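Here are my notes on this one, for when you have the model open.

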Amino acid sequence: MNNSALLSLLCLVALLHQSLAASPQFNVIQFGAKPDGRTDSTNAFLAAWKQACSSTTRGVTLYVPKGRFLTRSMLFKGPCRNSAIFIRIDGTLVAPSDIWAIGNNPNWIEFQYVNGVTISGGVLDGKGAPLWSCKLAGRKCPTGATTLGFSFCNNVLVSGVTSLNSQMFHVVINFCQNVKLQGVRISAPGNSPNTDGIHVQMSTGVTVVNSKVATGDDCVSIGPGAANLRIENFACGPGHGISIGSLGKNVNEPGVQNVTVKSTTFTGTTNGLRIKSWGKPSNGFARNILFQHATMNNVQNPIFIDQRYCPDKNCPDTASGVRVSDVTYQDIHGTSATQVAVNFDCSKRNPCKGIRLDNVMLTYNSKPAVASCANADGTTIGLVQPGSCL
């Protein structure tokens, strides 16, 4: 390296250091938070957020050091005066053990109307076990809170965050644009009720990469109004798989479109790649879906379109109005825990169209599995096992 290049590099490093040094950092400890896991630190976190949100300096940091911080429900609300706020978590946020403390709130930690927020590292411990026990025992219980919610937010990055034992859903993205989750770890027991890992609805440009979910419900659930969604390098299990839906619960409902799910692994899940809609009238739809490079390890329903979805006792006895079209399954292989590995149970009123099976290899007990089709139309390419019923 010549002297000129070396001088330029030194100047760049100096400028970067100066920029970082000039960016304010708001440590929650300075606002009264206690890292003992017992003292309520809610007000300290909100005070630190108020300062960070009102700062006009880009690159401001809200810092959570090592330790355990007990908080009640917190709303981090914008819009803020800058569009580059970093929330760095080296410690653990702990929800109250009392199920009523946050259980009637929709979210434990919620961001609204923010633009340009990055959340990195740390553990969010939802303490959901007492609420699950209450529900499973049939006692009077609160609904339960989502651990981390985003509403009306743009340009959000969640990186290296771990969510443990949420009361309800772990992460919900609602009415947002350009949200990226990377290196996220979500964990709850396989019998924990309604603990969806990541739920996306009414949002565009959401990306989930290099993440792992083990939970008691859908690893990812994709609701009405989701578009331009990408999931890649993702592991699921235990859980209910990656589900588009449920759709069609309401008559007037936006659809789901432009979804890519690639390089996924499912282990011991009740479903793999699923599309589900209620058997009732609706103008909803699911279209332009690509499922690519998936490995199934002892999965009960590896490929499943269920247009008679109904988890309730009183189920409607009508055909689903949701239109399912242009769905591709490419390079899907592995083992099924049931004989029927491919099940297209589509609507009589609106049959599935444009279903494509491209190099699918699924076995059951080391033998060929079975495919089942109802009201489904499509094509096959390459080797497809079980044999196509389209």
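1. Two strands count as paired if DSSP finds at least two bridges between them; strands themselves are DSSP E runs of at least two residues, numbered from the N terminus. This is a predicted model, where local features need pLDDT of at least 70, side-chain atom pairs count only at pLDDT 80 or more, and totals for chains, interfaces and linings use all residues. Residues are numbered from 1 along each chain as its sequence is written, and side-chain values use heavy atoms, with hydrogens and water left out.

2. Have a look at β11 (residues 146–151). Parallel to β11 runs β8 (residues 107–112), joined by 5 bridges, and β14 (residues 171–174) is also parallel, with 4 bridges. L148 sits opposite I109 and has V171 as its bridge partner in β14. Buried means under 20% relative accessible area (1.4 Å probe, protein chains only); 6 of the 6 residues of β11 are buried, so the strand is largely enclosed by the rest of the structure.

3. T71, in the loop between β4 and β5, is buried at 0% relative accessibility. Its side chain makes a polar contact (N or O atoms within 3.5 Å, one able to donate a hydrogen and the other to accept it; residues adjacent in sequence count only if both atoms are side-chain atoms) with the side chain of W108, at 3.1 Å.

4. Now the cysteines: a disulfide is a pair of cysteine sulfur atoms within 2.5 Å, and the count is 6. C346 and C352 form one, S to S 2.0 Å; the torsion is about -100 degrees, so this disulfide is left-handed.

How values were computed:
Buried means under 20% relative accessible area, exposed over 50%, partly exposed in between (1.4 Å probe, protein chains only).
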